[in-house]
Amino acid sequence: GNAPAAVDRPYRVYIDWVTKHDQSTDREFWRTKLAGFTATTPLPFDQADGNADGFDQRDTVLPTSITAKLRALAVREDLSLNTIVMSAWALLLARYSGESDIVFGATKTTRRGTIPDADSIAGLFLATIPVRISVLPDTPVHDWLNQMRAEWLSLRGHEHLPLVDIKQVSELPSATSLFDTLVVFENY
């Protein structure tokens, strides 16, 4: 479709909305969402690779044939590719960490439900938020994918609370991070 017409409104209007937004409901949402989560989901890695700070990034380009199969799965299951990628990451993270209650970070668009004409304003409308999900063995793929979609949709409207504030309402010790891994899905 056609891109929305440019609106003569500065990005500052959105920043003002975020800073004036009542955060009490969002704080309670995240406190409940993260209740009982007391340790960062680990991703074991080999420190012998010389990467002393423990940070790394991996970019992968899938073959066209695999991408086509993933798109077909998304259409068949009425899901987004983002849901499929997050589901796969959650499953891998659970298997590598040995834990079933996991949290990882994800980027989420924040335009929806904010200010009028947000789709037409140039600026970064993204937030990094935690995604918590239970990975249960023997869950059928269809159910697993729909569980992830439901979890992702449940976060809608609560992505405006800054990550530092989400961390403050969690039960994690102050020096502990909410997550050690971050999924960034770019749909282009």
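Reader: Where does Ala 90 lie?

Author: Helices (H or I, at least four residues) and strands (E, at least two) are DSSP runs, numbered from the N terminus. Ala 90 lies in helix H4. This is a predicted model, where local features need pLDDT of at least 70, side-chain atom pairs count only at pLDDT 80 or more, and totals for chains, interfaces and linings use all residues. Residues are numbered from 1 along each chain as its sequence is written, and side-chain values use heavy atoms, with hydrogens and water left out.

Reader: Is Ala 90 buried or exposed?

Author: Start with the cut-offs. Buried means under 20% relative accessible area, exposed over 50%, partly exposed in between (1.4 Å probe, protein chains only). Ala 90 has a relative accessible area of 0%, so it is buried.

Reader: Which residues is Ala 90 in contact with, leaving aside neighbours within four places in sequence?

Author: Contact means heavy atoms within 4.5 Å. Ala 90 is in contact with Ile 102, Phe 104, Ile 133, Val 135, Trp 144 and Met 148. Take Ile 102. It sits 12 residues from Ala 90 in sequence, and the C-alpha atoms are 7.3 Å apart.

Reader: How do the axes of helix H4 and helix H5 cross?

Author: Axes are lines fitted to C-alpha atoms, for helices over the stretch in contact, and angles run from 0 to 180 degrees between N-to-C directions. Here H4 spans residues 81–97 and H5 spans residues 141–154. Their axes come within 9 Å and cross at roughly 110°. Therefore H4 is roughly perpendicular to H5. The classes are these: under 35 degrees is roughly parallel, over 145 roughly antiparallel, 65 to 115 roughly perpendicular, and the rest oblique.

Reader: Which residues make the contact?

Author: H4 gives Asn 82, Thr 83, Ile 84, Met 86, Ser 87, Ala 90 and Leu 91. H5 gives Trp 144, Leu 145, Met 148, Arg 149 and Trp 152. By class, the contact has 8 nonpolar, 3 polar and 1 charged residues. Nonpolar covers Ala, Val, Leu, Ile, Met, Phe, Trp, Tyr, Cys and Pro; charged covers Asp, Glu, Lys and Arg; the others, Gly among them, are polar.

Reader: What lies over the face of Trp 152?

Author: A charge sits over a ring if NZ of Lys or CZ of Arg is within 6 Å of the ring centre and within 35 degrees of the ring normal. Lys 108 lies over the face of Trp 152, at 5.1 Å from the ring centre.

Reader: How many aromatic pairs does the structure hold?

Author: A pair of aromatic rings is described by the distance of the centres and the angle of the planes. The structure holds 1 aromatic pair. Phe 29 and Trp 30 form it, edge-to-face, at 5.1 Å centre to centre and 85° between the planes. The rule: rings of Phe, Tyr and Trp (its six-membered ring) pair if their centres lie within 6.5 Å; planes under 30 degrees apart are stacked, over 60 edge-to-face, the rest tilted. Phe 29 is buried at 17% relative accessible area. Trp 30 is buried too, at 0%.

Reader: Which phi value does Asp 78 have?

Author: Asp 78 has a positive phi of about 55°, although it is not a glycine. It lies in the loop between helix H3 (64–77) and H4. At 60% relative accessibility, Asp 78 counts as exposed.

Reader: And what is phi of Asp 138?

Author: Phi of Asp 138 is near 65°, a positive value in a residue other than glycine. Asp 138 lies in the loop between strand E2 (126–134) and H5. Its relative accessible area is 79%, so Asp 138 is exposed.
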